[in-house]
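I opened a new notebook page for this one.

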Amino acid sequence: MKRILTIQDVSGVGKCSLTVALPIISAAQVEACVLPTAVLSTHTRFKHFTFADLTDEIEPTVEVWQKEGITFDAIYTGYLGSYRQMGLVENLIDAFHTKDNFIFIDPVLGDGGTLYARFDQSFADRMALFCSKGDVITPNLTEAAFMLHLPYQESGYDESYVHDMLRRLTALGSSVAVLKGIDYGDGKLGVVGYDSRSDDFFSYFHEKFPGRYHGTGDIFASAVVAAMARDRSIPEAFQIAADFTVDSIRKTRENPDACDYGVEFERALPDFVAKFK
Ligand code: PXL
């Protein structure tokens, strides 16, 4: 069985980061190993949240895994909470990255043109440096704008703008960059990716729903990395993940009693599981 190590926080309530990565990776029949970066009561978009930093656990954990001879088929990083943590996760990547596995970075920083609580421009600059450790990086437009020091454009851009941004993102050091939440104003939403090794672009567009749905970036990234670990090509993995995320949003919208802090991806899991028989 393939084995992914995912490094991000546990938010007790909030349907994001590890509480979505674990079920989604498992649903693809991939072993999910975790290195929790912090434990929060609720994610940081709630009015109130606790934050217990787990940075001190990183080095002893890496030491044990090395002594035990543990290897991973992929390392997937999400929400990282501090500068020191990023440095330690870089060391972890250096210790476990081989020619047979891949590093997948979701540079979690913000959404809708603004950074999440606790983050500022210099944190985004540090994240841009961290991205050089990735084989694949998947920012949204907000994260890309902050990391590249470009103005955030919600809409009104065209394909050449997105392609230029993708080239700049791979210049940070990863082979592949994929921008999420691309909207050319034609009623669709999608992802556009660039593989700098072959100089190829790929894209996948789907139905667009009004509003913003929290946690969908983590759902999407978890599904991509799981599908890649199951040997789907990068464009195929992004398509599977986009379909799963859209299905999760659609099913949430069908339920008038759905909570407002995360989507009901659980309802979309059976169809996702069926892709990995
Ligand atoms: O979904 C991204 C995310 C992950 N983890 C924590 C967050 C957020 C976004 O707000 O607050 C703790």
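How many residues surround the ligand, and which are the closest? I counted 13 residues around the ligand, in what is a predicted model. The closest are D9, T44, R45, Y79 and D218.

In the side chain of D9, an N or O atom is 2.8 Å from a nitrogen atom of the ligand. For T44, I found a polar side-chain atom 2.7 Å from an oxygen atom of the ligand. D218 also places a polar side-chain atom 2.7 Å from a ligand oxygen atom. I then checked cover. On its own, the ligand has 310 Å² of accessible area, and the protein covers 98% of this.

I sorted the shell around the ligand by class. It has 5 nonpolar, 5 polar and 3 charged residues.

The strands are strand 1 (3-13), strand 9 (176-182), strand 10 (188-195) and strand 11 (200-207). The helices are helix 5 (141-148), helix 7 (216-229) and helix 8 (234-254).

Last, I sorted the lining of the largest pocket by class. It divides into 17 nonpolar, 16 polar and 12 charged residues.

Terms used. Residues numbered from 1 in each chain as written. Predicted model: local features only at pLDDT ≥ 70, side-chain atom pairs only at ≥ 80, totals over all residues. Heavy atoms only, no water. Near = heavy atom within 4 Å. Polar contact = N/O pair within 3.5 Å; in protein donor to acceptor, adjacent residues only side chain to side chain. Areas by Shrake-Rupley, 256 points an atom, 1.4 Å probe, with all protein chains shown as cover. Nonpolar A, V, L, I, M, F, W, Y, C, P; charged D, E, K, R; others polar. Helix = DSSP H or I, 4+ residues; strand = E, 2+ residues; numbered from the N terminus.
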